[in-house]
Every structure is written in C-alpha cells, then in structure tokens.
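My entries follow in the order in which I made them.

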Amino acid sequence: MNYDKVINLALERGFYFPSCEAYNNSPAGFWEYGPNGVSLKNKFLELWRRELVRRDGMMEIDGSQIMAKSVFEASGHLASFADPIVRCVKCSSTFRADRMIAESNGTIIPESADLKEFDEVIHKNGILCPRCQGPLDKTRKFNMMFRIGIGPEGEDAYLRPETCQSIFVDFPRLYKTMRGKLPVGVAQVGKSFRNEISPRQSLLRLREFYQAEIEIFCNPDKLHDTARLERVRDVVLHIDNNDITCKDAVENGILPNEFIAYYIGILAEFYQKTGISMEKSRFRQLGEKEKAFYASVAFDFEVETTIGWLELVACNYRTDYDLGGHAKHSGESFQVIDGDQKVLPHVFEMSMGIDRSLYCILEHSLMEDENNNRTVLSLKPYLAPRHVGVLSLVKKDGLREKTDTIYESLNRKYDAFLDHAGAIGRRYRRLDEVGCPFAITVDHQTLQDDTVTLRERDTMNQRRVSLSDLDYTLSEYLAFPV
RNA sequence: GCGGUCAUAGUAUAGCCUGGUUAGUAUGUUGGCCUUCCAAGCCAAUUACCCGGGUUCAAAUCCCGGUGACCGCACCA
C-alpha cells in the first residue's frame, strides 16, 4: 500500500488531517489526530508501556513543554541545534555555510564554529553564490528551536526540541524519591517542537510532533549485563544486513555490549507486536558524520515504506554528556551511589517517533482485498481504533432496541461502534476500513435464543456466539499479547 | 529557503485555453422505502470554485501577490 492511499484513508476516516484547515494561512508542519487516530495512538502507547516501560520496570514522567534557556545551554542545543546559513543577496538562495565553503575551496570549518570564521573565509577567498555568482550576505545561525517569551518581560525560554531533557534534569529527584537503583529507565511521552525549514509529508516531518523517549541511566562499568541479555538472547535482529540473535550480535561485536543488546532486543519485540513488517525493518549503525552531537554509539531503527526508509527510533549511547552538562551548568550534583561506588551515570536512550510509527503501522496494515471488493486495515486487534461493531441486521421487529441494549453492555469496556443504517455489507466494509477486527450482528434469531453472529474482519468468517459468552470471547480476542 | 507543477463538496474529478451555465458528474454522508448477513435498488436531502487585490458591465475562468500541497535541490538529534 502506498503513501497516497494512507493519507486518503487518514483524511476520509478521521485518523489525521492538517491543522487549522479553515484558515488558508495556516503554516505547514502541523497536523491533528481525529477520533480514529487518537484511539490508535492511545493503544500504540499502551503497547509501548506494556512492552518497554512496565516490562523493564521503568518510571514514567510527564514534563513541561516549555523549558528554561539554561537547560538548552547545558544540553548544547543553543549552540549545536542550529545550522550556520548564508544567503545570496542577489538570488536569495540559502546555503549551509560550512558545506558551501567546503565545496567552493575545500576549507573545512566545523559547523559549530564562530560565525565570524565563516565570514572571514568567504571574504578572503572571494566566495560568491554558487548558483548565480552574486555576493553573499553575512553568515547567521538558524536555530531549530522555537523561542518564546515568558511573562511581561518576555524572558527567553524554548519549546523543547526533544522530550528527554526533563528526564535528565529531573533525574536526581527521581532517583532519590523513587528509590532508584542503577540501571534505571525513565520514560516520557509528549510533544516536541522543531522549527523545520520545510516540513513535508504529513506525519513524517512535523514541526510539532510526539515522541516516546526512554533514557536508561546506567553505571558505565557494568555494561556487560549477561543476566538481562538472557531474557532476549534469541530475539532475532536484522542489523547491518545480518539476521542475528541478540546474543550473537554481542559476541560478534555488532553490538557493543550486553546492556545495549538487551534494550535493542526488547525494542525489536515491541515493534514486532505493532504489526509493522519485520521483513521491512532494520537496525542500522550510524557513522561518525551521521550521529547526533551527543552520541558515542548510535543505532537507528528504520522501516521501509513506499516513500523510502523511515527512521522511527534513534538509539543513542549518550555517555555522561547530558548529566555532566547539567551538573556543570546548574552547579547541582548529578552523581549517585551504585553499590559502594559514586558514579555519574551514563545514558542509553531509545527515542521513538510516534507519528512516524503510526504511519508505518497504517501503511503496512492497509490491504486491498480485490476478491471481496473492499479495503481492509488489518491492524492487530489490540491496536484497532474500534474493537467491535454492534449492528442490527434490520431495524424493525425490536432488533434495533435489542442491539442498543447489547451496545450499552459493551461500550464501557470496549471501543464499540453502534450502527443501524444501510445495507449490512456496507456497514461491514466501513468497519473493515478503520481496522475494526470484529462485528456482531443482531438478527431475529437473537430474539429467540440470545445469540449473535460474530464476524471476523480479515477472514470474513462468521460464527454464532451466545450473548453470555460475548464478553469473554471478545476479551480473549482483543487482549494485548503477553 | 530555491526551482518546477498544482489548488473546484468528505473523497475523486468536469468546466478554465476562447470570461456570461442554475458550477456538471461519480462516490460518500444523512433521512425514507425495501431488505433475514457482505459496497444491490428506488426516493429525497446535503456539501465546493484556497485567500487578498487588480482588469472587466461581468471572473472558478485573465493578471499580480499571499498561503498550502506534490516533486526535485537543500535541510532533517
């Protein structure tokens, strides 16, 4: 299935759509989730909590989206989350200053260098616009963080460009009050904000987007954690073009240690359960130039879609970059006691893009069933926005009332959807399209023996189920995997 | 940000070149009739010219500007 089909489904069936549609000057890069999208997202996050947060005994927090300027001085975002750009006065093309200079005469200036250095090199060498040979304006920095003003004085603060900074800043309190013991994971789900130059492709490149981040604080001397690795030793990873178990990946040096292998393992098991095709997924180790400024080792979890490979999760070993930075800037201690050792913990993170993950789930789940002339969103039942359709075969003879009663008995526990209108086949098709895995239909026999037909989405098979068994049957079918 | 293409109902489209129609069609949606399990049929209703300015007696149509989308470049923790 392709991008166009997915976005069409998203627009038509209330998964997601552009923000502020009524206003024609609304900027790009902002999208909203409709009812089916929210329901899918909630269930995806419930799976995430089950498979990662609860499985590993992590803590979850919910931090502020607006954070003090100091936080981003310490984190390096003010200096490094920005590109030096230079603009042509004549044709107003904009270039990355460091790259343009390198291409023009081979001078390598680090992108984090002082802006004057760029201007000096441009001036001395008489570098002109590579496109039109026009003169170049002064180099300036484009920071991708949204700056905002707090209070009447408009004091500088920023919308967070990643959710994890509050995890780092909160770490000492969490560790003390929640009886922390290394290694300990802290997780957070929420919005992050980046002022992308050109947002594209709906959920895939947003200016305001959801992240689910996990930061695992660990003792750098204790990364050969064989006991943990045992739990996922046989999980097969597709990594750098090999299919290899977690255990073998460590032994062959593909993964640096048991600790990281364990987390990569549970992450892989989580994604397996989302319905994203594992044959179209891979882990990829990033080279020196691709890595983020804080990472010493980095793996991306990537998924192949009809518009290419998408990065869904960035797994970074951030060392003590963050806690060290915050300790230095705040003057607070971020060291903790681990056994008889005083350590500044290192951090391994799994930073997940939720919106992109949801897109991949949709694209990998959407099917065209030519034989039955229908579109089916073959979601895992536990992720389906609607669990069960509750339909009356016809409205008359008391069937409507009976159906309403059954619906009311289900709709607190399940995402049930009541529908009396139109031909039964049409109603089944509509449910198929939003991924509803089951439908029960009330017919005249129901009035006699309290049974209904239970129709299964993927096979279209039907069987009769007694109303007294319905709750049990549904709860079995819709349960999250163990 | 740059270049190219484009913008008409929830969705897909006709009409634009050559200005004047009640802005057409399909599908969807809603209500009704019919109907005892897979997009049937019939009746009715419903919904649109991206925004601003200009030209003109008259603009969906021509011109300018803006915004957005798609593709390419660049960018992308």
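Strands are DSSP runs of E with at least two residues, helices are runs of H or I with at least four, and both are numbered from the N terminus. Opposite I66 I found L159 in β9.

The model is predicted, so I note that local features need pLDDT of at least 70 and side-chain atom pairs pLDDT 80 or more, while totals for chains, interfaces and linings use all residues; side-chain values use heavy atoms, with hydrogens and water left out. Residues are numbered from 1 along each chain as its sequence is written, and chains are lettered from A and ligands numbered from 1 in the order in which they are written.

Next I followed β9 (residues 155-159) to β8, where the antiparallel pairing runs over four bridges. I150 stands opposite E155 in β9. The hairpin of β8 and β9 has four residues between the strands, and in it G151 takes a positive phi near 70 degrees.

Which order do the three strands take? I read it as β4-β9-β8, an open sheet with antiparallel pairing. β4 (66-68) and β8 (147-150) are at the edges, each with a single partner strand, so one side of each has no neighbour in the sheet. On average, neighbouring strands of this sheet are turned by 50 degrees against each other, direction ignored. For that angle, axes are lines fitted to C-alpha atoms (for helices over the stretch in contact), and angles run from 0 to 180 degrees between N-to-C directions.

I then checked the domains of chain A. The assignment gives domain 1 (3-68 + 151-363), domain 2 (82-143) and domain 3 (371-478); such bounds come from an automatic or database domain assignment. The centres of domain 1 and domain 2, taken over C-alpha atoms, are separated by 34 Å.

Backbone entries came next. I found a cis peptide bond between L182 and P183, with omega about -10 degrees. P183 is in the loop between α7 (164-177) and β10 (184-193). S202, a residue other than glycine, has a positive phi near 40 degrees. S202 belongs to the loop between β10 and β11 (208-218). Is S202 buried or exposed? At 5% relative accessibility S202 counts as buried, where buried means under 20% relative accessible area, exposed over 50% and partly exposed in between (1.4 Å probe, protein chains only). T319 is not a glycine either, yet its phi is positive at about 50 degrees; T319 is in strand β16 (residues 308-319).

E258 is in helix α10 (residues 258-272). E258 is buried and has no salt bridge, K247 being the nearest side chain of opposite charge at 7.0 Å. A salt bridge needs a side-chain nitrogen of Lys or Arg within 4 Å of a carboxyl oxygen of Asp or Glu; Lys and Arg count as positive, Asp and Glu as negative, and His and the chain ends are not counted. K138 is in the loop between α6 (115-124) and β7 (140-143). K138 is exposed, with a relative accessible area of 64%.

Definitions and conventions. Pairing = 2+ DSSP bridges.
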